[in-house]
Amino acid sequence: MIAKQQETTYYDVVGIGNAIVDVLAKVGEGFLKERQLEKGGMTLVDAVAAGKIYADLVPEREVPGGSAANTVAGLASLGGAPAFIGKIHDDELGQVFTRDIGVAGVDFFTPPLNEGPVTGRSIVLVTPDAQRSMFTYLGASKKLTVEDIDENIIKASRITYLEAYLWDEQCDKEAMIKAAEIAHNHGRDVAFSLSDKSCVNRHREEFLEFIKTHVDILFGNEDEIVSLFNGEDFYKTLDLIKPHVDIAAITRGAKGSVVVNGRTKTFVEAEKVENVVDSTGAGDLYAAGFLYGLTQGRSLGTCAIIGSIAAAEIIGHYGARPEVSLRGLVRNKLLSYGKRA
């Protein structure tokens, strides 16, 4: 993995994904049923549908989001050096996204659109069981192209991290493939997040081919990885994935996570959380912690523990960005576990 790289790098990770603003709101089960809204996943909607849902809400918060953007923001909070590539419009929400991701410690240089779709937004509805249902208008983020993939940033990054949500648009997909090719041409690693089960169901065969040919590190949850192989048995799926990637890190909610590396499977318990408030971003922050550990040369088991600690912080409050310094939190937790901080 990391040892194969020869040239000096400036960034630990560059994330490439949808640049959107999350609109977070608490709702009852009835809100979803009355509007026939699908629970628990990510549904793409147009601007009109997003407007209708938004009109019936009292938002808790409006914060910059996007899966890969959440991951690199989490990595920055851990003390890593990340960058981000994603498309916004030069509008009010686009300026909010740019300002906040910069404040988080992430370099972001992608030129904005000056015309066309507005900056994307995702309406995140959180029910009392802490499940999040996302209704996303991608807007400007659908306009990421190969021209936006900065070879110098990819070359300067130890790992290029891609989110599967981008696969829904042809120009975004082409940009992802180009980024992966550039990364490998420079001896860098490529990480890929499956993002959402519905996304996997839409693109299963293409994902499998992309993973086999371009991916070194795979992230996903239990449902996503089983869906990828169109199977039913999670443990059999672990054996199916191991020939295709160097590392697969799979989250299992309260059951923790498992890391597959060749013939080795490492099972790690979930971090205990007293009150699960909102699962938005849990997988994103697990990836942040895991990638941070990996770029710091930690064992795969410790990478998974760091990922679990970061994910636990996120699900204890609303929103997918950390509310405390993850660096300090992880250091204290690892010391309490008797591990090197």
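Colleague: How many aromatic pairs does the structure hold?

Modeller: Keep in mind that this is a predicted model. Ring centres must lie within 6.5 Å to pair. On that basis the count of aromatic pairs is 12.

Colleague: Are the planes of Phe-84 and Phe-108 stacked, tilted or edge-to-face?

Modeller: Their ring centres are 5.7 Å apart. Planes under 30 degrees apart count as stacked, and over 60 as edge-to-face. The planes here stand at 45°, so the pair is tilted.

Colleague: Which parts does that pair tie together?

Modeller: The two parts are 24 residues apart in sequence. Phe-84 is buried at 1% relative accessibility, and Phe-108 is buried at 13%.

Colleague: Which cysteine has the sulfur nearest to that of Cys-199?

Modeller: The structure holds zero disulfides. Cys-199 is in none, and the nearest cysteine sulfur is 15 Å away. A disulfide needs sulfur atoms within 2.5 Å. That nearest sulfur belongs to Cys-171.

Colleague: How many residues of α10 are buried?

Modeller: Helix α10 covers residues 282–295 and reaches 20 Å from its first C-alpha to its last. The rest of the structure largely encloses α10, because its buried residues number 13 of the 14.

Key: Residues numbered from 1 in each chain as written. Predicted model: local features only at pLDDT ≥ 70, side-chain atom pairs only at ≥ 80, totals over all residues. Heavy atoms only, no water. Helix = DSSP H or I, 4+ residues; strand = E, 2+ residues; numbered from the N terminus. Expected span 1.5 Å × (residues − 1). Buried < 20%, exposed > 50% of the residue type's maximum accessible area, 1.4 Å probe, protein only. Phe/Tyr/Trp six-rings, centres within 6.5 Å; stacked < 30°, edge-to-face > 60°.
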